[in-house]
Structure formats: structure tokens, C-alpha cells
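Trainee: I would like to learn how to read a structure feature by feature. Could you walk me through one?

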Amino acid sequence: MATSTNTAANVDNFFASSAARFDRWRELNAKAQTWAAGARSANSRSGRTAVEAALAQVRPLEDFFAYPGSRLMKALAERIASDDALGTARLVRRVSGALLTDSYRYESGQWETSDDDNDSVPESLGQTFQAAEVRRPYFEALFVTPVPAANVAKLANEIRRLRRVEDAMIYEPVLVGSVEDAMLATILNGKIQSVVIFDGIPVPSRHDVPLLRDLLTTYQHLDASSDAPLEIGITLAKMIKRVRPELDIYLMTDRNVEKLAGDPAASMIRRVFYEVEELMEVHLNILEGVADRYSTPHFDNLKKYAARPIATFHALPIARGKSIMKSNWINDMGEFYGLNLFLAESSATTGGLDSMLEPTGNIKIAQEKFARAVGADHVFFVTNGTSTSNKMVYQAVTAPGDIVIADRNCHKSHHYGMVLSGSQPLYVEAFPMTEYSMYGAVPLRTIKQALLNLKSEGRLDRVKMVTLTNCTFDGHVYNTRRVMQECLAIKPDLLFLWDEAWFGFARWSPFLRPRTGIGAAEWLEEWRASPEALRAYQAQAAELGEDLDPKDPRLLERRLVPDPRKIRIRVYETDSVHKSMSCLRQGSIVAVKDEDYNHHVSAFREAVFIHASTSPNAQIIASMDVARRQMELEGYELVRKAIEIALAIRKSVNEHPIISKYFRVLGSDGMIPKEFRNSGFRDFLDEGANWMTALKAVADDEFFLDPTRMTLVCGTAGFDGSALKSLLASKYNIQLNKTSRNSVLLQSNINNTRSDVALLIKVLLEISQDIEARLAEGGEAERAVLAAKVKSLMTDVPDLPNFSRFHDGYRENPKSVTLEGDMRSAFFAAYEEDDCEYIPLMSPKIDERLGKGPQMVSANFVIPYPPGFPIMVPGQVIEADTIGFMRKLDVKEIHGYNNARGLKLIKLSAIGKVREKAEPKKVQAAPATPAPGKKKSA
Ligand SMILES: Cc1ncc(COP(=O)(O)O)c(C=O)c1O
């Protein structure tokens with residue numbers, strides 16, 4: 001978000017809050033050093049004024065963090081007041097350094113107010129930070145309490161005195177006195193892990209927080225004048241959970257604790273305490289809650305296993321590493337990876353290890369913890385990527401003949417999943433982004449139309465599932481709530497498979513979570529239980545009838561409401577944990593939130609048996625366990641930083657006077673057509689854009705752009721995507737992933753730092769300056785060359801071909817308006833080489849057949865990289881636009897196209913052969929002789 005829209009002092013400018021905090025301390029440090037350097041000069045007065053002004057900028061945010069805390073802030077103010085420029089500079093330098101390096105978490109000296117003795121621990125800190133070798137994890141606990149300001153320090157010290165040598169972790173309290181300040185602390189301070197809410201807290205903040213107030217109004221109808229303190233406590237707990245569901249919340253009350261503890265409305269509260277009870281109980285619960293998230297049952301067990309003296313007589317020579325460490329020839333591998341990798345290798349499923357195929361021990365618990373973390377009922381670990389997770393879902397929930405509505409542009413694992421399960425794809429098209437040779441996402445209207453067409457033809461019962469990619473490779477995020485709500489209005493028991501291979505991290509962003517499959521399923525559950533749901537449905541039924549008429553044009557124009565009494569919430573979400581969390585490659589999960597999952601339990605087990613290796617990699621499983629731990633404890637903070645970094649890149653590129661002449665990162669307006677952005681949200685960098693406008697877009701718009709996925713247009717600099725990608729990799733050691741004809745995709749993730757931004761900007765500047773120098777040197781001629789290149793890359797772009805149709809031989813009813821087909825039979829037809837033919841792409845024979853026939857039917861998937869979607873699938877009739885696109889496409893990598901032989905086609909004479917073979921029973925089951933008295937059918 002444009003930081004300019006909020007004044008620097010605004011504490012509710014959340015999008016840039018962590019960077020802004022450090023920047024403010026850096027600024028204060030610079031001013032303090034300047035003041036110290038000129039302490040004896042005539043400018044000393046102005047030096048002090050500048051420090052005071054910078055401190056005023058720093059102050060408001062610091063109320064929400066334990067470090068530096070009130071003691072150090074007071075000491076700082078005293079040094080300034082006593083004109084101690086050198087002392088001020090020393091203290092500011094130490095504090096800003098500790099903040100930047102996070103060293104305050106384990107160095108008690110960083111909390112000291114005096115400069116000379118950094119080892120002594122103030123008595124008030126009690127049992128505190130330890131020597132480096134026994135570093136205990138550090139976190140902060142938020143206490144929302146109505147105690148008068150004068151007693152805050154006393155309460156904080158009381159809490160600190162609860163610390164014990166035996167505590168496995170250490171926390172610092174952060175004390176705030178109102179609901180709004182509690183929300184600010186929750187949002188701003190990622191180190192907070194637990195929240196203790198006392199009875200009787202007021203609502204308003206001491207700060208000026210207009211944006212926060214808007215947010216709270218959208219979250220809950222919070223009444224600042226409410227005199228029902230208990231409800232305020234529960235309301236606050238609910239709001240905190242909406243921002244950070246992973247936090248443990250405790251309520252301290254002197255009212256009817258027993259009643260409250262049994263109230264379902266208070267289910268998000270981990271424990272309710274009677275206020276006069278031992279504070280020690282609260283302390284122990286805080287530690288236990290965080291320890292539960294910290295514990296990684298599989299990884300912990302693997303570490304224990306590795307430390308045991310175990311002799312192996314199973315088939316896995318690298319287990320224990322002896323064949324490696326002792327080898328004359330391969331010991332470098334041992335040195336490179338370290339012995340633990342081999343000590344932790346085993347093919348055993350006993351002796352403390354568990355079986356991934358039939359987990360009953362620590363893997364089962366690790367999966368349950370992951371399910372809790374992502375809000376699912378079940379999670380299955382998969383060690384061969386989301387490619388396999390997707391196939392497992394198809395295998396488990398669809399059967400031959402089921403129709404699946406699928407984005408044709410989805411990952412190939414979906415297409416192969418349907419080949420394997422025999423379900424029939426009904427492809428729906430994403431909106432094209434022709435100018436960048438890529439697709440967006442599938443408009444809801446298109447999906448509704450497909451369902452209504454099936455309903456018109458009386459075949460709605462055949463459609464089992466809708467599968468969509470969320471977010472797409474390029475960052476288009478669906479309005480998952482709305483998609484599911486409207487589809488369920490047409491078919492109340494539909495299943496949804498949200499392929500969130502790229503979007504696993506979104507769970508830990510309050511902005512993006514509502515748009516995840518599981519996040520939306522949670523919302524649907526809440527919505528279904530609300531009285532408004534039935535009211536809205538009944539109002540619609542009064543207007544449109546209970547049984548929607550599929551021919552009624554109004555159905556496409558309005559937001560459909562399902563019958564809350566009938567819908568089933570059936571959501572499957574697949575996440576490449578390795579793509580967005582700290583997990584080894586191929587770690588992936590299937591997350592299930594399906595209230596009819598009991599129908600699929602055994603099928604799911606079969607799917608695991610079919611697709612999972614019988615030798616799953618224990619290290620991958622352990623890394624999923626650890627990735628979950630990290631996300632539950634610091635995912636919120638890390639994801640927020642990844643978003644901040646993306647916003648910094650967007651701003652630095654698009655506002656740089658030289659870089660922006662040649663390169664541009666596309667905003668929402670460049671990636672999403674206007675008709676899908678109801679809220680009017682255009683770009684993260686727009687004047688007036690802030691997280692409130694972004695939240696509105698998240699709630700209202702059909703598509704939202706994941707800010708961390710940045711399409712950098714490079715055709716305007718004369719580079720095609722692949723050329724820029726190669727240049728960045730070979731000359732600058734910068735790796736990226738996807739390219740299009742005229743763009744490359746940059747992604748920020750939890751691993752990126754501000755230094756990465758600096759490097760990228762430096763490199764783009766260097767490339768831009770090279771272009772400038774070339775143009776200056778080459779004059780008119782060089783400018784003409786660049787202009788021609790830019791025109792070719794940006795304007796002469798091929799139209800993207802839509803899916804044509806399956807050949808009639810692969811369709812049950814060729815007259816049907818819906819275009820699903822039996823892709824599996826076509827796929828297997830290609831196994832018979834004699835039934836196939838090849839024609840080179842450039843051959844005039846192709847044009848002849850396009851003109852006069854016979855039809856050409858693709859024998860396989862043809863997937864050019866980029867753009868990476870199948871322009872042909874088995875059984876598809878090939879049409880002129882697909883050939884035109886392929887001929888224009890100057891990419892080297894086309895999966896499924898044999899350059900030497902040409903396009904592989906199924907001979908028309910062979911169509912139907914495999915189907916007949918596959919369905920002998922049907923053929924044999926037909927009566928051999930007509931029943932007496934009946935006419936022989938034609
Ligand atoms: C949308 C989508 N789904 C699934 C996958 C497969 O994921 P994995 O690489 O974890 O097998 C990818 C891979 O790029 C993808 O882009």
C-alpha cells in the first residue's frame with residue numbers, strides 16, 4: 001500500500017508496519033548520532049530537537065511491543081532531557097541494533113538501562129534470559145487489562161516474577177488497556193503468542209486509529225459504549241481469532257466462570273480463569289499452549305531415533321551413514337550433508353517411527369496438528385508434491401463417468417487425475433490476458449452457466465466436483481466464498497477441490513485467509529448457522545422459486561444464495577507446503593473439510609495406497625512437521641513481511657525514474673479486468689489505497705491479486721520472458737520461475753529480506769542503464785531496433801486458443817451443450833501406435849485437414865512452456881486457432897509434442913476402439929436376442 005496515504009505517525013498503517021518501525025528507529029539513530037557528533041557545536045540545540053521529533057515518531061508503535069519497553073524508553077527520555085547527547089546516541093544505537101538482530105530475545109544486557117554492565121539483570125526481570133547455550137524460545141504475551149496506568153509496571157513485574165528455571169520458554173508481557181489497543185498489538189506485534197483478557201476493559205484506544213475502527217466495524221458491530229464487559233471480552237477474543245487464529249486466548253473474570261466455560265460462544269477461549277486465582281496457573285497455561293504448537297512429534301521422534309545406537313538389517317544402505325562416511329570415494333557427500341541426515345534415515349516403521357501409509361503414532365499426531373493449523377478436519381501428508389495430492393483427491397472422490405468442472409488452464413496433475421479416475425472434464429475457460437500470453441482465472445458466471453446447462457439437460461447429478469487453481473500461478477485469487485455459495489445454490493452437495501499449491505502461506509494472512517478454500521469453508525459454516533442465511537435464502541426463493549429454473553437469465557446476473565438447510569460443506573484443499581513454507585521439496589498436504597468425508601474414508605485410504613510411495617522420505621515428513629511449527633508460531637509475522645517486501649518491490653520498480661521507463665510490475669488493474677473488481681481497487685500503489693481498501697476488495701471483488709506474485713513486464717525493455725530470466729540467472733545469480741512472452745514472474749516469500757529487494761532493484765537499474773547507454777550510443781537506428789522488438793513482444797501476440805471440444809466419439813451425447821468428454825479412453829487410444837499418425841506442425845497437410853477434413857484428434861496432452869497450460873488434450877478436436885497459436889509460439893519446450901515427428905493424432909478409424917475394449921460388459925450385457933414381441937432396435 002502506498003505508505004504516503006497514512007502519516008508516518010499512524011499506528012494503523014499495517015501494511016508497512018514492521019519496515020516502518022525499523023525505519024523509524026533507524027531515523028532516530030541517525031539523528032541521535034548527528035546530535036552526539038555535534039554535541040559541543042552551536043547546532044546542538046537543533047540536534048536535540050531533531051532527536052525529540054524522531055522519538056515522537058517512534059513512540060506510538062512501541063506501546064505494543066515488549067522491547068525496548070517502558071524502562072528503556074523512560075531512560076531514553078531522561079537522557080534527552082538531561083542533554084546527554086552521547087548517552088542518547090549509545091542507547092539508541094543499542095536498542096535499534098537489538099531490534100534489527102532480534103538479540104533482545106536472548107541477551108539480557110539488551111534490556112539494561114545502563115550502558116556499561118550488560119550482564120547484570122535487573123531484579124524486576126526476575127528469572128530471565130540465559131546464556132547462549134541454553135537459549136530458550138522467546139515470545140510475548142498480551143495482557144489486556146483495565147488496571148490503571150500507574151499500576152501497569154507493577155503488574156508486569158508480577159508476571160515476570162512467575163518465571164521458573166524449569167520453564168522451557170520465556171516470555172515478556174505486553175500490557176494494553178483497551179479492546180482497540182489489544183487489536184493493534186495483535187496486528188502489529190507478530191511475537192505475541194498468547195492473549196490474556198481481563199474483565200472490564202474499555203473499547204477505545206488512546207491512539208488515533210481511524211482505519212482500525214473501520215476494520216473493527218466490519219469484523220463485529222462493536223459498541224464502544226457497551227456496558228456488558230463479559231461480552232466485550234468474548235467479542236475481542238473472536239476478533240483476535242479472525243486476525244490470528246493460532247493464538248491462545250485466556251479470559252480472566254470474576255463472574256460466572258463455570259457458565260462461561262460451557263458456553264459454545266466462548267469456544268475460541270482456551271481457558272477461563274477466575275480472576276482471583278493464582279496468576280501462576282495462567283503462566284503455566286501460557287507456556288503449555290505455546291509448547292503444544294512448538295512440539296513436532298515426528299521430527300522430535302526422528303531426532304531421538306537418530307541418537308540411538310541402532311543396527312539396521314533392512315534395505316537402506318545409507319541409513320546410519322556408514323557406507324558413506326567410511327568410503328574412500330563418496331565421503332564428501334557425508335561431509336556435505338552431515339551425519340544426521342543418515343542417522344535419521346530408516347525404512348523402519350517401528351521402534352519409535354511411524355508408517356506414513358497407515359499412521360497410528362507420531363505421523364498421525366503431526367497430521368492432526370497440521371489440520372488444526374490450517375483449520376481442516378483432516379490433513380494427509382504427501383511426499384511427492386501436490387502433483388500427487390491432486391491425483392489422490394481425484395482418485396478418492398470421483399469415479400468413472402463423474403463430471404468434473406475444471407479450469408482448462410489448471411495444473412497437469414488435474415488432467416492426469418481425471419485420466420486415472422475416469423472422471424470426465426468439463427473444461428471452463430479462464431479470462432484471457434492475451435497481451436501477456438497468459439490466462440487469468442475462471443469467471444463465476446462461466447462456472448454457473450456450466451452447472452445450469454447440466455441442470456437444463458437433467459444431468460446435474462453427474463457433476464461431482466468443481467476444481468480451481470487458487471491462486472493461479474500469476475496470482476489471481478478467487479472469491480472462494482462466493483464461488484462455493486453460488487455453486488451450492490445450484491447443486492447443494494458439490495465438492496470443491498481448491499488447488500492451493502502456491503497459496504499455503506495465505507492461511508497466515510488475515511487478508512488472504514478468507515480467500516483460501518478452507519478459510520471460506522469456515523465462513524460458510526458460520527454463515528449457514530446464522531439467521532440471516534435462511535432469511536436471505538427465503539427472500540430469494542420468494543422471487544426465483546425454490547427450484548431454480550436453469551433458463552432464467554437472472555440466475556447469471558445475481559448472487560445466488562443456497563438453501564442453508566440443504567448444503568453440504570465439502571472442501572478439499574491441496575497445498576505445496578514446500579512452495580511457500582520452510583519444507584523440503586515435494587512436501588505437500590491434502591487438507592480436508594468435508595462433512596461427508598465418511599463416504600470417502602476407505603476410498604481415500606485406497607488413494608493413499610495407490611499413489612504414495614511405500615518408501616516415503618522421513619526427512620520430508622519431518623520438514624512438514626517443522627514447517628507447521630514455524631507457521632503456527634511466526635507465520636503471521638513472516639507472511640506479513642513477505643507482503644511488505646512485495647509492496648516494496650512494486651513501489652521501487654514502478655516509481656523509479658529510470659527502471660520504470662522499461663519495466664513495470666502489474667497491479668490489480670493490469671491483471672484483473674475492471675468488471676471483476678467491483679470495489680474499484682486498482683493497485684496496491686494507488687494514492688488512497690490502504691489495507692482497508694484492500695480488505696474491501698478481498699471481500700467484494702470477484703478476483704483479487706496476491707500481492708506477493710509480481711508480473712514484471714519486460715517486453716517493454718525488449719526482452720522476452722525467457723531471455724530476461726536467463727540474463728538474471730547467468731549474470732546476476734537471480735533465480736525466478738515462470739515467464740511469458742513478454743513478462744517474468746517474481747515472487748516474494750517468507751525467505752526474502754529487504755536485501756533481496758535492494759539486489760533486484762540494483763540489477764534492474766543496471767539493465768535499464770545499459771539500455772539507456774545503448775540507445776544514446778546507437779541513436780535513431782538503435783531506437784528503431786528497440787521499438788520493433790517492443791512492438792513484436794507487446795503487440796504481435798498470438799490469440800489464446802480456447803478448448804474446442806472432444807471428438808464425438810468420446811462424448812456420450814454429442815448433441816449436449818456441455819462439452820465434457822471421455823478423455824481417459826482417448827488417452828489410452830494413443831498407446832496403440834498403429835492407431836495413431838503424426839503430422840509435422842508446419843506441414844501444409846495440417847492446413848489441408850483443417851480446411852477439408854478429416855478432423856484431427858489429438859492423441860495426447862500438448863503443453864508448451866510457457867505458458868504451461870494444455871493447448872491440446874487427448875481426444876480434443878484440433879482447430880485452426882490452436883495450430884495458429886502453436887506456430888506463433890516461439891518456445892523451445894513443448895511437452896507432448898514430438899519435434900521430429902510432429903503432432904500425434906488418433907486415427908479416426910480407431911476412435912471408440914479402446915472404449916469398446918474398456919466396456920465389454922456393457923456390450924455383452926445387451927440382450928443377444930430381442931425379447932419376444934419387441935422390435936429389433938436399429
Ligand atoms: C497450480 C499447481 N498445482 C499443482 C502443482 C504441482 O505441485 P508440486 O510441484 O508440489 O507437485 C503445481 C506446480 O507447479 C501448480 O502450479
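Trainee: Thanks! How far does a polar side-chain atom of Lys 579 lie from an oxygen atom of the ligand?

Mentor: Before the number, please keep in mind that this is a predicted model. To read a polar contact, look for a pair of N or O atoms within 3.5 Å. Here a polar atom in the side chain of Lys 579 sits 3.0 Å from a ligand oxygen.

Trainee: How much of the accessible area that the ligand has on its own does the protein cover?

Mentor: On its own the ligand has 390 Å² of accessible area, and the protein covers 85% of that.

Trainee: Which elements give two or more residues to the shell around the ligand?

Mentor: Those are α16 (385-397) and α23 (577-580). Of the elements, α16 gives the most, with four residues.

Trainee: Which residues surround the ligand, and how do they divide by class?

Mentor: Among them are Gly 385, Thr 386, Ser 387, Asn 390, His 411 and Thr 469. The list also includes Asp 499, Ala 501, Trp 502, Ser 576, His 578 and Lys 579. By class, the shell has eight polar, two nonpolar and two charged residues.

Trainee: Let's move on to charges. How many salt bridges does the structure hold?

Mentor: It holds 58. The test is a side-chain nitrogen of Lys or Arg within 4 Å of a carboxyl oxygen of Asp or Glu. Take Arg 570 and Asp 594, whose closest N and O atoms are 2.8 Å apart. This pair links distant parts of the chain: Arg 570 belongs to strand β14, Asp 594 to strand β15 (residues 588-594), and they are 24 residues apart.

Trainee: Are Arg 570 and Asp 594 buried or exposed?

Mentor: For that, compare the relative accessible area with the cut-offs: buried is under 20%, exposed is over 50%, and partly exposed is in between. Arg 570 has 6% relative accessibility, so it counts as buried. Asp 594 is buried too, at 3%.

Trainee: And what about Asp 167 and Arg 164, whose side chains meet in a salt bridge? How accessible are Asp 167 and Arg 164?

Mentor: Their N to O distance is 2.9 Å. Asp 167 is buried, with a relative accessible area of 4%, whereas Arg 164 is partly exposed at 30%. Asp 552 is buried at 12%, and Arg 554 is partly exposed at 37%.

Trainee: Which residues are linked in a network of salt bridges?

Mentor: Asp 292, Lys 369, Arg 372, Asp 625, Arg 628 and Glu 632 are linked that way.

Trainee: What is the nearest side chain of opposite charge to Glu 573, which is buried yet has no salt bridge?

Mentor: It is Arg 507, 6.8 Å away. A salt bridge needs the nitrogen and oxygen within 4 Å. Glu 573 lies in strand β14 (residues 570-575), and a polar atom of its side chain is 2.8 Å from the backbone nitrogen of Ile 518.

Trainee: Now the backbone. Where are Pro 68 and Pro 854 found?

Mentor: For a cis peptide bond, check omega. The bond from Tyr 67 to Pro 68 is cis, with omega near 5°, and Pro 68 is in the loop between α2 (44-62) and α3 (69-81). Gly 853 and Pro 854 are also joined by a cis peptide bond, with omega about -5°. Pro 854 lies in the loop between α32 (844-852) and β21 (863-865).

Trainee: What is phi of Asp 83, and what is phi of Gln 586?

Mentor: Look for positive phi in a residue other than glycine. Asp 83 has phi near 60°, and Gln 586 has phi near 85°. Asp 83 sits in the loop between α3 and α4 (85-101) and is partly exposed at 43%. Gln 586 is in the loop between α23 and β15, and it counts as partly exposed at 40% relative accessibility.

Note on methods
Residues are numbered from 1 along each chain as its sequence is written. This is a predicted model: local features need pLDDT of at least 70, side-chain atom pairs count only at pLDDT 80 or more; totals for chains, interfaces and linings use all residues. Side-chain values use heavy atoms; hydrogens and water are left out. A residue is near a molecule or strand if one of its heavy atoms lies within 4 Å of it. A polar contact is a pair of N or O atoms within 3.5 Å; within protein, one must be able to donate a hydrogen and the other to accept it, and residues adjacent in sequence count only if both atoms are side-chain atoms. Accessible areas come from the Shrake-Rupley method with a 1.4 Å probe; for residues, only the protein chains shown count as cover. Ala, Val, Leu, Ile, Met, Phe, Trp, Tyr, Cys and Pro count as nonpolar, Asp, Glu, Lys and Arg as charged, and the others, Gly among them, as polar. Buried means under 20% relative accessible area, exposed over 50%, partly exposed in between (1.4 Å probe, protein chains only). Lys and Arg count as positive and Asp and Glu as negative; His and the chain ends are not counted.
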